[in-house]
Amino acid sequence: MTEVIRLDSLVKSYGNHVVLKGIDLTVAQGETVCLIGASGSGKSTLLRCMNLLEYPTSGRLYLNGEPVGSPSRAGKGPIVYRESSLNHFRERVGMVFQHFNLFPHLTAEQNVMLAPRKVKGMTETAARKLAREKLERVGLADRSQHYPSQLSGGQQQRVAIARALAMEPIVMLFDEATSALDPELVGEVLNVMKDLAADGVTMVVVTHELGFAYNVADRVLFLHDGKIHEQGSPREVLLRPKQQRTAEFLRSVTTFRLPAAEQDR
């Protein structure tokens with residue numbers, strides 16, 4: 001399958017504290033990869049490095065097979081990431097955060113229109129048409145003229161997803177997109193993400209929703225101590241983990257139970 005995003009020996013440090021310790025990861029077109037692990041294992045930092053909201057300390061990032069950033073002139077220092085050259089990269093790598101960060105003075109439609117107009121230079125008419133298409137895709141066509149204060153948390157997060165989709169990215173990153181929601185609102189956001197996966201949208205998802213990972217992911221990665229400790233299919237990692245630390249983590253998660261069809265196997 002076609003490679004969309006690749007990390008080679010990615011390291012991220014803050015002073016003497018090494019958060020990511022040499023991550024190698026390739027995500028193929030149309031693949032859904034779920035990242036799981038305990039708090040502090042490096043999941044969100046990894047996602048932020050994939051979007052270059054955090055610059056890696058060392059290692060390389062590739063998008064569509066092309067390296068991102070340039071080696072230093074001496075060739076021995078860290079990769080140089082120039083903001084002027086990152087705009088196109090960030091257009092192609094969509095990101096959805098825990099918190100929605102919608103502009104409160106703009107309607108749902110206007111929030112989705114903003115980036116296509118400002119970044120891509122789309123006309124108001126074209127941007128409005130695009131925004132309505134994306135809002136319809138996340139099930140909010142009838143809420144396009146509502147302000148964030150008039151929307152539930154789940155609806156606001158769906159607007160945030162529509163906003164990211166409006167840039168037509170080649171990969172979508174989700175950083176615990178449901179963790180700030182009340183439990184009864186989680187399902188509506190997960191259903192949108194499930195539909196995106198079914199439509200072949202390439203996604204990397206940091207999540208504590210192991211049922212979602214089991215049913216939707218093509219591959220599950222368990223992060224521990226800044227490394228990919230175990231990876232494989234959802235059935236392999238979530239039901240038959242090979243590593244003791246993975247099994248310990250899964251035993252600590254009370255929200256995930258074996259599917260009925262698996263309980264007697």
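User: By what criterion do two strands pair?

Analyst: Two strands pair if DSSP finds at least two bridges between them; strands (E, at least two residues) and helices (H or I, at least four) are DSSP runs numbered from the N terminus. The model is predicted: local features need pLDDT of at least 70 and side-chain atom pairs pLDDT 80 or more, whereas totals for chains, interfaces and linings use all residues. Residues are numbered from 1 along each chain as its sequence is written, and side-chain values use heavy atoms, with hydrogens and water left out.

User: Which strands form the open antiparallel sheet, and in what order?

Analyst: The order is β2-β1-β4-β5. The edge strands are β2 (17-28) and β5 (66-67), each of which pairs on one side only. Between β1 (residues 3-14) and β2 there are 9 bridges, and Val-11 stands opposite Lys-21 in β2.

User: Why are α3 and α5 called roughly parallel?

Analyst: Two packed helices are described by the angle between their axes and the distance between the axes. Axes are lines fitted to C-alpha atoms, for helices over the stretch in contact, and angles run from 0 to 180 degrees between N-to-C directions. Helix α3 (residues 108-118) and helix α5 (residues 153-165) pack at about 25°, with axes 8 Å apart. Angles under 35 degrees count as roughly parallel, and α3 and α5 are therefore roughly parallel to each other.

User: Which residues of α3 and α5 meet?

Analyst: With contact meaning heavy atoms within 4.5 Å, Ala-108, Asn-111 and Val-112 in α3 meet Val-159, Ala-162 and Arg-163 in α5.

User: Why does Leu-114 count as partly exposed?

Analyst: Buried means under 20% relative accessible area, exposed over 50%, and partly exposed in between (1.4 Å probe, protein chains only). Leu-114, which lies in helix α3, has 29% relative accessibility and therefore counts as partly exposed. Leaving aside neighbours within four places in sequence, Leu-114 is in contact with Phe-103 and Leu-106.

Methods:
Angles under 35 degrees count as roughly parallel, over 145 as roughly antiparallel, 65 to 115 as roughly perpendicular and the rest as oblique.
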